[in-house]
Amino acid sequence: MSGPSKKSYRSLVTIVITASCAFLLGRQTKTLELYTTDAFLDANIGIGRFTTDPSSTDSSSTSSLSLVGAQHRLEGEDEADYIIRKSYLHSYAHILPCDNSTIEKNCLLKTQQYFNPTTEQERSSLPSVPWWFQTLLRDIVRNGAYGFWHHFGTTDPAIHFCSIEKVGTTEWRKVFCDLNEEECPNNGGNYPPHCVTGLVGRRCAFMTKKPLPNNAPHAVFLRDPLERLLSAFLDKCVKPAIRRNERHCEPNEVFNPDAKGDPKALPLITNIEESGKQLFAAYLDTMPLKWNVHFVPQAFMCDLYRTIDSKYAFVGDMGKEFMMDLERMANQFGGRLATQLDKSFGYVEGVKAKKFNNTGKQNSHATHAPEKVAKYYTAATVRKGLEYLSIDYVTLGLKVPEWARQMLRDETV
């Protein structure tokens, strides 16, 4: 599989877990595959297979996932790696597995229901997980993270594409709308039902209605999670008019309150709104009270945390090598894709000029987050971001940017 640079975080293993799946139907046999850091593997945790024997009466089998070493940094382990490892083991590692027929929302509902049992006895046997993980399980199944608009596709060339919020979505819609343009003729203002009003100023089809071959490849572009988090904040939270009109900077009770009830009340972000670092920190502290789709980890989109290795023929990186990865995508899939990629992103000139930008030609929706990390991030908010987004680094094999590692090191000097 083509993809980003060396995936230093990901090693697929099946490890010994002692646990009880306290469903209403009783104990069930489960096999849980976990992605762990190389450092975690180096801790010599036993590799085996988790099985809860339905016939067993051993009450000691109701403990949670073994967190060997999770409370302490391993020898030589960077702080960023430790935060990711510890957060993942305490939260995302508890997501229950699903068979191949149970996908996306229906799969995660299984975990949501497991962590919200109906009896006190069942609740008492649950593993302890962070509160923000509980609210993520609550919100992700209803906030649009599994919306149809993440699935793009075309027949020339035949390709499926996973589109992710704040990973060039506006430009990717243009690409696929142009590839499927013939499917949306304007017949006196009447369009086929699958031609929707998107972010491109016209009705168009980013997902073709034509049948795609069963072996049509899947492709996706990923983005550094910390950079994407800041980009979403800059786009949805910084400007009061955007907060008021779009209402994506949630919870709105904090960042966009309705003042009609008490017009004399001061907004909750008074005195911190003018400080980029303080407002960003306040947002990260309160964001999990209501997860907005633009801030949900990339790993959940299109079931990437389950399928990126088995299903995706192309994985690109919306980072410094973005233009080169666009060229690689054009060469790999051919057809009319190369023309549309250049039309939206200008990759041909970008590769020639060795440009390192990760925006489209128009730049109207770009936040230029990579250039603003020092203005908004602190060591504390880096830690918070790594904690929330650990699943992206572990299951998607993304690397922590050096600026974030250095920010953590500088604080401890």
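Contact means heavy atoms within 4.5 Å. This is a predicted model, where local features need pLDDT of at least 70, side-chain atom pairs count only at pLDDT 80 or more, and totals for chains, interfaces and linings use all residues. Residues are numbered from 1 along each chain as its sequence is written, and side-chain values use heavy atoms, without hydrogens and water.

**Exercise 1. Describe the chain as a whole.**

Step 1. Take the contacts with a separation of 6 or more: 73% of them join residues 24 or more positions apart.

**Exercise 2. Work out how α12 and α13 pack.**

Step 1. Locate the helices (DSSP runs of H or I, at least four residues, numbered from the N terminus). Helix α12 covers residues 322-333 and helix α13 covers residues 337-345.

Step 2. Read the geometry. The angle is about 160 degrees, and the axes lie 8 Å apart. Axes are lines fitted to C-alpha atoms over the stretch in contact; angles run from 0 to 180 degrees between N-to-C directions.

Step 3. Classify. The two helices are therefore roughly antiparallel (over 145 degrees).

Step 4. List the contacts. Phe-322, Met-323, Leu-326, Met-329, Ala-330 and Phe-333 of α12 meet Leu-337, Ala-338, Leu-341 and Phe-345 of α13. These contact residues divide into 10 nonpolar, no polar and no charged.

Notes: Angles under 35 degrees count as roughly parallel, over 145 as roughly antiparallel, 65 to 115 as roughly perpendicular and the rest as oblique. Ala, Val, Leu, Ile, Met, Phe, Trp, Tyr, Cys and Pro count as nonpolar, Asp, Glu, Lys and Arg as charged, and the others, Gly among them, as polar.
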